[in-house]
Amino acid sequence: MIDTTVEHFGKIDFSYNNAGIQSPITDVSQLSIDEYQEVMDNNIKSIWLCMKYELQQLNKQKTKGAIVNCSSLGGLVGIAGRSAYHASKHGVLGLTKSSALEYASKGIRINAVCPGIIDTPMVGDMINNEKEAMEELMQDVPIGRLAKPEEVASVVYWLCGTESTYVIGQAISVDGGYTIK
């Protein structure tokens, strides 16, 4: 991925690391090791691997840059039955904050976005398969609707741009007010 990007564009200026799968609503004591590992591998290990190689390239280039990691409102709160997902998204924030401290002095800004309930295929599956749970979650969204992916993308774009050069290690919520309650 990094080699292809550098081959095509000559360098890396910024990146957005977005990965996420959900596990079924499950009591933590009933979650299988395989389900837990699959969520961790997809939601945090993949972010770490992307960052590892992006940072190696940015160091090699000796240039400034920005990395934005996708966490979730699940990285900021807990919800019963979602322990694996929320643990992975909390982990993304820990990875983001610690890495931001390591790289800020090198001119590499690392931040995270924490999307709420976004109109994506994953949320569509949750609405279809977990109707009651999703209706309950939506009651906690003050704006009263799903977000459009473009609403998250605009925050990512801002974090990668020159207007946010003093923003380091932050977790920006894009959640329709869910986490302010």
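**Entry 1**

The model is a predicted one. Buried here means under 20% relative accessible area. I then checked whether the two side chains meet. Glu 130 and Arg 82 form a salt bridge, with 2.3 Å between the closest N and O atoms. I looked up where each partner sits. Glu 130 is in the loop between H4 and H5, and Arg 82 is in the loop between strand E2 (65-70) and H3. The two are 48 residues apart, so I noted the pair as a link between distant parts of the chain.

**Entry 1. Other salt bridges**

How many salt bridges does the structure hold? I found four. I took up two more of them.

One joins the side chains of Asp 13 and Lys 11, at 3.1 Å from N to O. I looked up the exposure of both. Asp 13 has a relative accessible area of 39%, so Asp 13 counts as partly exposed. Lys 11 is at 38% and is also partly exposed.

Another joins Arg 145 and Glu 151, whose closest N and O atoms are 2.8 Å apart. Glu 151 has a relative accessible area of 28%, which means partly exposed. Arg 145 is partly exposed at 35%.

**Entry 2. More on Arg 145**

I stayed with Arg 145 and placed it in the loop between H5 and H6. I also looked up its distance to Asp 119. The C-alpha atoms of Arg 145 and Asp 119 are 9.4 Å apart in space. In sequence the two residues are 26 apart.

**Entry 3. The largest pocket**

I turned to empty space. Rolling a probe the size of a water molecule over the atoms shows where such space is left. The largest pocket has a volume of about 520 Å³. I counted 29 residues in its lining. Which of them are closest to the centre of the pocket? They are Tyr 85, Pro 115, Gly 116, Ile 118 and Met 122.

H6 gives the largest share, four residues.

I sorted the lining of the largest pocket by class. I noted 18 nonpolar residues, nine polar ones and two charged ones.

**Entry 4. A nonpolar patch**

On the surface I found a nonpolar patch made of Trp 48, Leu 49 and Tyr 53. Together these three have about 290 Å² of accessible area. Is Leu 49 buried, exposed or partly exposed? Its relative accessible area is 33%, so Leu 49 is partly exposed.

Where is Lys 62 found? I placed Lys 62 in the loop between H2 and E2. Lys 62 has a relative accessible area of 75% and is therefore exposed. The cut-off for exposed is over 50%.

Methods: Residues numbered from 1 in each chain as written. Predicted model: local features only at pLDDT ≥ 70, side-chain atom pairs only at ≥ 80, totals over all residues. Heavy atoms only, no water. 1 Å grid on protein atoms, 1.4 Å probe; cavity = no way out; pocket = protein on both sides within 12 Å on 5 of 7 lines; lining within 4 Å. Points joined across faces, edges and corners; volume = space filled by probe spheres on them. Nonpolar A, V, L, I, M, F, W, Y, C, P; charged D, E, K, R; others polar. Patch = residues over 30% accessible without salt bridge, like charges linked within 9 Å, V, L, I, M, F, W, Y side chains within 5 Å. Areas by Shrake-Rupley, 256 points an atom, 1.4 Å probe, with all protein chains shown as cover. Buried < 20%, exposed > 50% of the residue type's maximum accessible area, 1.4 Å probe, protein only.
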